[in-house]
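Colleague: Could you walk me through this model? I have a few things I'd like to ask about.

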Amino acid sequence: MRITTHAGVRAALSSPHLEVPPAAPADDTGGMRWLRATVARFSTGRAHRRRRRLATDALADIDAATLGRGAGARAGEILAGAGDRPLDLMSRIALPVPAQLLARALGMPGDVTGAVLAAAPAYHPRSEITPVADEAVAALIRAAGGVADERTAARIGLLMQAAEATAGLVAHAVLALGHQPSAASTPAVLAETLRYDPPVRLTRRRATGPVRCGHLDLAAGTEVEVDLAAANRDGAVFDHPGRFDPGRAGADRHVTFGAGPRSCPGAAHARALAGGIVDVLRTRRLEVDTVRYGAAANLRVPASLMVRIR
Ligand code: HEM
């Protein structure tokens, strides 16, 4: 069952009778199963509130604007070093730069970018856990101080949540501007990109008891797909929803960062990181050569995006 209207999606995400399907209990300490079972994202009830607080406390110590400036500076260095050779925007900039900046801001010493990007594809409970992902989580725990507790899980969880989604936002802004150049400000381009081509397409909820959600009567235990991308194209909320229109009125009504008590606490940081990078990319003329998507369950993020820089 899938919820696709803007009103239905907001109602589902705010309903106390629909919960995130929890991750399986951990059968390890310090691997990917442990991480899934210990972060806010896949927890419910009091554990969710406690763990979300750990994540929001960690984010409160990180100034988003500083993060964005750092991301822009790093992206500029990488572009300068690349000369006019073709460059994979994903593996060189969009994936590693936000991960590196955020890990540094979270106080994780050394370069943990490789570990973040090795673990992230296995973070979602519907994806396969590989030995590489388990080892990457172990490396991240060591970088976070070596104690496998909820505070450590919260910091690693922030890196998992941030990495691919933020990279997808950068990529989709570049692709959209490639098809349709725009003089709109970068924040306006990003707001419309989040609405028009969201990197996080859907999320899931399960009914804790019989519940009416919009037009749907759900029996206890029913799992629903909450279709964020479809809600962002709801003609009842957005005029000409299929048109990429940076600067449109009300673009920020998109639901790409979710809604309700579990909405994305990293939205400002995601915008700042992506904004810093996109600002720098917009100072150069980029030509997109090829784009290839991976097969993630709920994400739409290019695996590679080859560009030429003029
Ligand atoms: C464009 C980038 C991003 C998008 C589209 C995005 C989207 C989302 C969405 C839709 C949710 C809610 C899922 C649900 O309700 O089922 C979420 C949760 C979350 N996001 Fe983001 N996110 C992004 C970047 C980030 C960043 C940069 C951070 C951290 C710095 C972050 C941290 C989190 C955390 C910790 C949660 C779990 C919150 C909870 O369960 O209470 N996200 N994100």
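Colleague: In which sense do strand β1 and strand β7 pair?

Modeller: This is a predicted model, where local features need pLDDT of at least 70, side-chain atom pairs count only at pLDDT 80 or more, and totals for chains, interfaces and linings use all residues. Residues are numbered from 1 along each chain as its sequence is written. Strands are DSSP runs of E with at least two residues, helices are runs of H or I with at least four, and both are numbered from the N terminus; two strands pair if DSSP finds at least two bridges between them. Over two bridges, β1 (residues 2–3) and β7 (residues 223–227) pair in a sense that is parallel.

Colleague: And how many bridges join strand β4 to β7?

Modeller: Here the strands run antiparallel, with β4 covering residues 202–207. The number of bridges joining β4 to β7 is five.

Colleague: Is Arg 300 buried, exposed or partly exposed?

Modeller: Arg 300 lies in the loop between β8 (286–293) and β9 (302–309). A residue is buried with 20 or more other C-beta atoms within 10 Å of its own, exposed with 12 or fewer, and partly exposed in between, with C-beta atoms placed from the backbone. Because Arg 300 has 19 such neighbours, Arg 300 is partly exposed.
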